[in-house]
Amino acid sequence: MVRVAVWLLDQDDQVHVALAEIELCCELMIAASATTEERLSAERIDEVLDVFPRVPAQGTRRSAGAGR
């Protein structure tokens, strides 16, 4: 979705968006090189990118026994 929005920005804004994307990729590469695991977990990626996973809206998650 960001890529679609970039076309609506002027050239200076596109440069800032591109630089921000490069910075995020660099942060992920640094974190990946510092880990002892084969891959970064989703939680670690969220932590590196300083984002939080979406919480499902209340009532959208079914319990294990629902619908039986």
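In which helix is the place of Leu19?

Reply: Leu19 has its place in helix 2, which covers residues 11-34, where helices (H or I, at least four residues) and strands (E, at least two) are DSSP runs numbered from the N terminus. The model is a predicted one, in which local features need pLDDT of at least 70 and side-chain atom pairs count only at pLDDT 80 or more, while totals for chains, interfaces and linings use all residues. Residues are numbered from 1 along each chain as its sequence is written, and side-chain values use heavy atoms, with hydrogens and water left out.

Together with Val15 and Ile22, Leu19 forms a nonpolar patch on the surface, and the accessible area of these residues together is about 270 Å². Such areas come from the Shrake-Rupley method with a 1.4 Å probe, and for residues only the protein chains shown count as cover. A patch is made of residues with over 30% relative accessible area and no salt bridge, nonpolar side chains (Val, Leu, Ile, Met, Phe, Trp, Tyr) being joined within 5 Å and like charges within 9 Å.

Zero disulfides are found in the whole structure, a disulfide being a pair of cysteine sulfur atoms within 2.5 Å. The sulfur of Cys25 has its closest cysteine sulfur in Cys26, and because 7.0 Å lies between them, they are too far apart for a bond. Cys25 is partly exposed at 44% relative accessibility, and Cys26 is also partly exposed, at 33%.

Helix 3 (42-49) is followed by the segment in which Asp50 lies. Arg44 and Glu47 both lie in helix 3, three residues apart, about one turn of the helix, and their side chains meet in a salt bridge (3.0 Å, N to O), that is, a side-chain nitrogen of Lys or Arg within 4 Å of a carboxyl oxygen of Asp or Glu. The structure holds one such salt bridge; Arg44 is partly exposed at 33%, and Glu47 is exposed at 56%.

Key
Buried < 20%, exposed > 50% of the residue type's maximum accessible area, 1.4 Å probe, protein only.
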